[in-house]
Amino acid sequence: MRYLSTRNNKITADSRLAVLQGLSEEGGLFVPETIPSADFGKDELLSFSYNDLCTKVLDLLLPDFGKDVIKDCVYSGYEGKFETEDRVQFKQFDDCAFLELYHGPTSAFKDMALCILPRLLTASSNLLGNKDTIHILTATSGDTGKAALEAFADVPGCRITVFYPQKGVSDIQKLQMQTQEGSNVKVCAVEGNFDDAQSGVKRAFGEIKEPGTSLCSANSINIGRLVPQISYYFWAYAQSVKSGKILYGEPLNFAVPTGNFGDILAGWFAKKMGLPVGRLLCASNENNVLTDFIKTGVYNKKREFLTTTSPSMDILISSNLERLLFYAYDCDDEAVNTLMTELAENGEYKVSDKVLSYIQKDFDAEFADSSRAAEVIKDVWENINYLMDTHTAVAYACAKKVFGGENFVVLSTASPYKFAPAVLDALGQDVPEDCFEAMAKLEEYTNIPRPTRLAELQKKEIVHKDVIDPAELTEYVKGIIRQ
Ligand SMILES: *Cc1c(COP(=O)(O)O)cnc(C)c1O
């Protein structure tokens with residue numbers, strides 16, 4: 001299958017190369033030239049195991065790997081990694097359901113794709129005869145970093161370096177990364193916010209040419225991150241039909257806590273593949289660039305970067321939007337280039353009315369601030385005894401406003417324990433200074449067990465302490481490569 005670069009549609013790659021390269025050489029993102037349709041019938045969709053569903057979806061979008069390789073990547077990638085037997089839990093209530101995607105090794109939905117990505121990368125590297133060391137460079141707003149570290153630690157032929165914003169992640173997220181073990185891992189804080197870290201990493205991709213090393217991304221700019229995420233929209237749909245909430249064929253609305261626009265874009269791909277997805281609600285926190293964009297067609301990042309209780313969504317430059325724009329402009333790479341140049345130079349761009357209506361056909365947008373998120377955490381806990389983390393709460397609050405009484409599914413993207421102090425505070429409880437005491441108190445208050453891997457962090461040694469200025473990022477990576 002041909003993948004095209006969003007910034008130069010003459011640059012093509014098959015699905016293996018698109019995964020291996022991560023980012024196209026001129027800075028574009030890879031997208032499939034045509035989105036394949038998934039014609040699972042009702043019986044098939046309802047009877048798939050998660051592994052088999054995921055294998056089918058990957059086969060359709062990454063056909064150049066071969067069916068056996070894909071199957072092995074999925075089965076062995078997920079094997080033994082999840083705390084619960086049901087990898088994805090679907091909790092249906094009266095007017096809404098929660099799709100819990102956080103039962104993996106790092107307690108955030110990023111595990112869903114990152115358990116598989118190292119396998120896909122190693123497979124594409126072998127299939128294409130690559131002899132270089134694969135060096136994963138990743139910027140994180142908190143959750144990708146740990147999920148990628150966990151996935152790539154001690155994988156032969158790979159190294160990984162993760163950059164996180166020094167003041168932009170929760171204490172627990174920071175500890176998860178600082179205590180990461182593995183002979184091929186490096187973690188470094190960046191003085192600045194997530195956008196600074198992400199821009200620094202994108203620059204490094206252009207600037208570093210070291211013999212024997214191929215740089216690659218584990219961020220959702222890599223299509224290998226996006227594709228596994230499509231599977232759980234199909235899964236959620238099947239569960240909704242099974243629960244009797246919808247009839248097969250009826251549209252189902254999704255509310256997605258959004259940062260880099262990767263998770264929600266996976267939902268849009270599912271819709272284009274033929275799944276009866278209704279509205280896709282792009283839910284933001286106070287950093288509501290996307291809300292404004294989807295409502296008005298103007299993307300304007302010239303605003304204060306706010307730190308919120310949902311740090312994994314504190315983003316002003318949402319990379320994956322570029323993929324949607326490429327399709328909205330009918331694969332016109334020049335149009336995308338113009339917008340991206342305007343964004344880089346003037347901090348804003350405006351899309352045509354035609355493109356805006358293309359986007360509004362499938363997407364709604366809303367935002368909820370931290371205090372509104374706290375309110376719904378308390379309400380939902382008190383009314384239906386469901387405990388949401390701060391990111392999920394943002395999406396729920398937006399969905400209540402936009403979908404009214406209509407049925408919807410909220411993507412539950414992180415364990416509440418990852419943000420225990422904020423969740424406790426939302427519940428009106430005193431918040432202990434120490435994040436482990438906060439976890440213990442949240443467990444005592446709710447009787448919901450905390451993930452063992454988060455509790456075990458307390459005993460681990462901090463091994464990564466570097467802090468750099470974003471401008472030093474390229475040199476820092478070169479230093480590691482040359483070691
Ligand atoms: C990464 C993340 C998001 C945002 O997902 P995107 O794919 O970046 O839009 C939302 N919630 C949590 C908990 C996350 O870790």
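I count a residue as near a molecule if one of its heavy atoms lies within 4 Å of it. This is a predicted model, where local features need pLDDT of at least 70, side-chain atom pairs count only at pLDDT 80 or more, and totals for chains, interfaces and linings use all residues. Residues are numbered from 1 along each chain as its sequence is written, and side-chain values use heavy atoms, with hydrogens and water left out.

**Ligand**

I looked up the surroundings of the ligand and found 15 residues, the closest being Lys-110, Asp-143, Gly-259, Asn-260 and Asp-263. Next I checked polar contacts (pairs of N or O atoms within 3.5 Å). A polar backbone atom of Gly-259 sits 2.8 Å from a ligand oxygen, and one of Gly-262 is 3.3 Å from a ligand oxygen. On the nitrogen side, I noted a ligand nitrogen 2.9 Å from a polar side-chain atom of Thr-413. Alone, the ligand exposes 380 Å², and the protein buries 98% of that (Shrake-Rupley method, 1.4 Å probe).

**Helices 16 and 17**

I then turned to helix 16 (residues 370-384) and helix 17 (residues 390-403), whose axes come within 8 Å and cross at roughly 90°. Helices here are DSSP runs (H or I, at least four residues), and axes are lines fitted to C-alpha atoms over the stretch in contact, with angles from 0 to 180 degrees between N-to-C directions. So helix 16 is roughly perpendicular to helix 17 (65 to 115 degrees). In contact (heavy atoms within 4.5 Å), I listed Arg-372, Ala-373, Val-376, Ile-377 and Val-380 from helix 16, with Thr-390, Ala-393, Val-394, Tyr-396 and Ala-397 from helix 17. By class, I have eight nonpolar, one polar and one charged.

Methods: Polar contact = N/O pair within 3.5 Å; in protein donor to acceptor, adjacent residues only side chain to side chain. Helix = DSSP H or I, 4+ residues; strand = E, 2+ residues; numbered from the N terminus. Parallel < 35°, antiparallel > 145°, perpendicular 65-115°, else oblique. Nonpolar A, V, L, I, M, F, W, Y, C, P; charged D, E, K, R; others polar.
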